[in-house]
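Hi,

Here is the structure I said I'd pass on. Have a look, and my notes follow below.

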Amino acid sequence: MDRVDTIVVGAGIAGLTAARLLSRSGQRVVLLEARDRIGGRVWSDREGGVVTDLGASWIHGVTDSPVAAAAAAFGLRTAEFTVGGYQPYSRPIAYYGPSGVRLTDDEVERFVADIDAVDAELVRLVADMAPGHSYAEAVESALGSQGWEAERAERVREYLRHRTEEQYGVWIDELDAHGLDDDSIDGDEVVFPDGYDALATHLATGLDVRLEHVVTSVHWSADGAEVITDQGVFTASRAVVTVPVGVLKSAEFVIEPPLPEPVAGALARLDMNAFEKVFLRFPSKFWDEDVYGIRQQGPGGVWWHSWYDLTAVHGVPTLLTFAAGPAAQETRGWKREKIVESVLGELRRLYGDRFENPVGAHVTSWQDDPYSRGSYAYMTVGSAPEDHDLLATPVGGVLHLAGEATWTDDPATVTAALHSGHRAACDVLGRPIPIADAWAAD
């Protein structure tokens, strides 16, 4: 094909945003996507007439959120479903102790107070820690300062371990102490009852998107960029690469010449996580009423410790749990039925005769997706928050990286992806443009 102004690799939210803004600025843009669909890690399944977001699900805080602004401009239906991240009691939670007995309100109040005390100490400790210390080290220091007996400390330790797993899909020893610095939410959280992928559909309107074009290498020089795919070679003056960190670090995706510093160093210090969703649909709600979540403590909750009630969103009785970090790694390769049965074993233990067998189940496999190789990026021990932004440093005025891993303020989110696509478009153009142009009416 003829040479274009900019090639964008990857039709996730970052790539779609960059391509849309560049196209609206008068550039000739072609967007190459390996999958047979757009959206990347925004993927909505509609099997059986039930919408299930297999990847991104929430806008984590609508205050000043460009994703919320885009959704409103495109007329997308949202529903408030604030969970506050992996917080101890942001909404009503039914806690079960190690013996499988539900904790009383007083016991929960004391447990939450313990978490708050350690969290306050963690804020101080982490702020003074240089990169190179794990989040586990910070947690142990914070716990040690409390002077608690072993059982009391263990309950908070396991909670913080599970928070690390659910927030970043990684074992607590493998996350840098600063890896949860972004763990804050502004405003209500919302979900998309009709599917998050509608955002991608609207962003893609009018774009030249080439599906099932698997990019194997990107060559850049002062003369421009050459992108090699299994469907042919594409050339342009600039290239915006939005593939996930897992793909950037794989042998199947080559950038030539290799990425220079500081981009290469930042990429080396980030890694892709192990994080899968397990959706279970039941004939009726047998679990606790008036709670949005269920959590269990102790050995039974090493893998399956938290379930979230999505009934109000899905319209049918539904629980969601996560295989995160070690659980996702250990169950990788298991058949769906084996994973589901493992989860159900813990629900049976908690609910006994009230338990009902599910009528449907869905288990994701992002670790095995060759075009993501995980769910999202995390900070390995020795990284720093600014590595996210360093990863987006323009290379030779020709090559630009974007995606959720390249945005420091709120990585691992659709918000980060959208912001990064906007930044890449501005860098390509060499001038600022309003982010709102991505969703402004024609």
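**Around Leu122**

Setting aside neighbours within four places in sequence, Leu122 is in contact (heavy atoms within 4.5 Å) with Tyr135, Ala138, Val139, Ala142, Leu160 and Arg163. Bear in mind that this is a predicted model, where local features need pLDDT of at least 70, side-chain atom pairs count only at pLDDT 80 or more, and totals for chains, interfaces and linings use all residues. Numbering runs from 1 along each chain as its sequence is written, and side-chain values use heavy atoms, with hydrogens and water left out.

Leu122 also shows up in the largest nonpolar core, 45 residues in which Val118, Leu122 and Val156 touch the most other members. By nonpolar core I mean buried Ala, Val, Leu, Ile, Met, Phe, Trp, Tyr and Cys residues joined through side-chain atoms within 4.5 Å; buried is under 20% relative accessible area, exposed over 50%, partly exposed in between (1.4 Å probe, protein chains only). Helix H3 (105-127) is among the contributing elements, and H3 gives the largest share, eight residues. Helices (H or I, at least four residues) and strands (E, at least two) are DSSP runs, numbered from the N terminus.

**Phe322**

Phe322 lies in strand E18 and is buried, with a relative accessible area of 9%. Beyond residues up to four places away in sequence, Phe322 touches Glu166, Phe275, Glu276, Lys277, Trp303, Trp304 and Tyr308.

**A salt bridge**

Arg46 pairs with Asp197 in a salt bridge (side-chain nitrogen of Lys or Arg within 4 Å of a carboxyl oxygen of Asp or Glu), with the closest N and O atoms 2.7 Å apart.

Cheers
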